[in-house]
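Have a go at each one before you read its solution.

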Amino acid sequence: MTISTSEVEQFFERYAQAFRDGLDGTLDEEFFRSLFSTQYIAAGPKGVMAGDNDHAFVERISKGYERYRQIGNKAVTVSEIEMHSIDETHCLVHVGWSSEFEKDGRRIDVPFTNAYLLEQNDGLLKVFGWITGDEVQLLKDNGLV
């Protein structure tokens with residue numbers, strides 16, 4: 001069965017909720033891990049890596065949320081989703097995000113886009129890969145670091 005746009009939209013609403021839970025310090029590890037395949041690939045300006053969806057993965061992600069809180073990240077929402085089917089059980093999704101920060105009493109909205117590779121197994125969507133831009137430079141450009 002082909003992956004539908006509405007399934008992808010619902011998936012990323014759950015993903016965004018997990019992100020917000022991470023920002024709040026209430027991340028449900030089991031729920032978070034359910035969004036990812038047992039192994040994953042990730043690419044960004046510093047190169048490509050592969051990893052396992054294990055406790056260490058969640059620890060790394062949790063440290064990232066802690067860093068976001070320290071620099072004033074208050075919320076994140078999905079602003080746009082563009083899906084490209086690869087085959088019946090895989091797709092590439094460009095997700096536009098809006099990240100809200102607070103610094104020195106002012107709100108700073110930072111838009112960014114990531115690409116995700118999704119697979120569908122037993123009717124469940126899972127991220128098996130993602131590609132990000134230069135987050136550090138984006139935060140610098142917005143005066144957040």
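**Exercise 1.** Find out which element gives the largest share of the lining of the largest pocket.

*Solution.* Keep in mind that this model is predicted.

Step 1: List the elements that give two or more residues to the lining; among them are helix 1 (5-24), helix 3 (55-70), strand 3 (73-87) and helix 4 (135-141).

Step 2: Pick the top contributor, and you land on helix 3, with 7 residues. The whole lining has 37 residues, and Ile 61, Tyr 68, Trp 130, Thr 132 and Glu 135 lie nearest the pocket's centre.

Step 3: Sort the lining by class: 23 residues are nonpolar, 9 are polar and 5 are charged. The space they line has a volume of about 1200 Å³.

**Exercise 2.** Work out how helix 1 and helix 3 are oriented towards each other.

*Solution.* 

Step 1: Look at the axes, which lie 8 Å apart at an angle of about 65°.

Step 2: Angles from 65 to 115 degrees count as roughly perpendicular, so that's the label for helix 1 and helix 3.

Step 3: Check the handedness: helix 1 passes helix 3 in a right-handed crossing.

Step 4: See who touches whom. Ala 18, Phe 19, Gly 22 and Leu 23 from helix 1 meet Tyr 65, Tyr 68 and Arg 69 from helix 3. By class, that contact has 5 nonpolar, 1 polar and 1 charged residues.

Conventions:
Residues numbered from 1 in each chain as written. Predicted model: local features only at pLDDT ≥ 70, side-chain atom pairs only at ≥ 80, totals over all residues. Heavy atoms only, no water. 1 Å grid on protein atoms, 1.4 Å probe; cavity = no way out; pocket = protein on both sides within 12 Å on 5 of 7 lines; lining within 4 Å. Points joined across faces, edges and corners; volume = space filled by probe spheres on them. Helix = DSSP H or I, 4+ residues; strand = E, 2+ residues; numbered from the N terminus. Nonpolar A, V, L, I, M, F, W, Y, C, P; charged D, E, K, R; others polar. Axes fitted to C-alpha atoms, helices over the stretch in contact; angles between N-to-C directions. Parallel < 35°, antiparallel > 145°, perpendicular 65-115°, else oblique. Left-handed = near helix turned anticlockwise from the far one by under 90°. Contact = heavy atoms within 4.5 Å.
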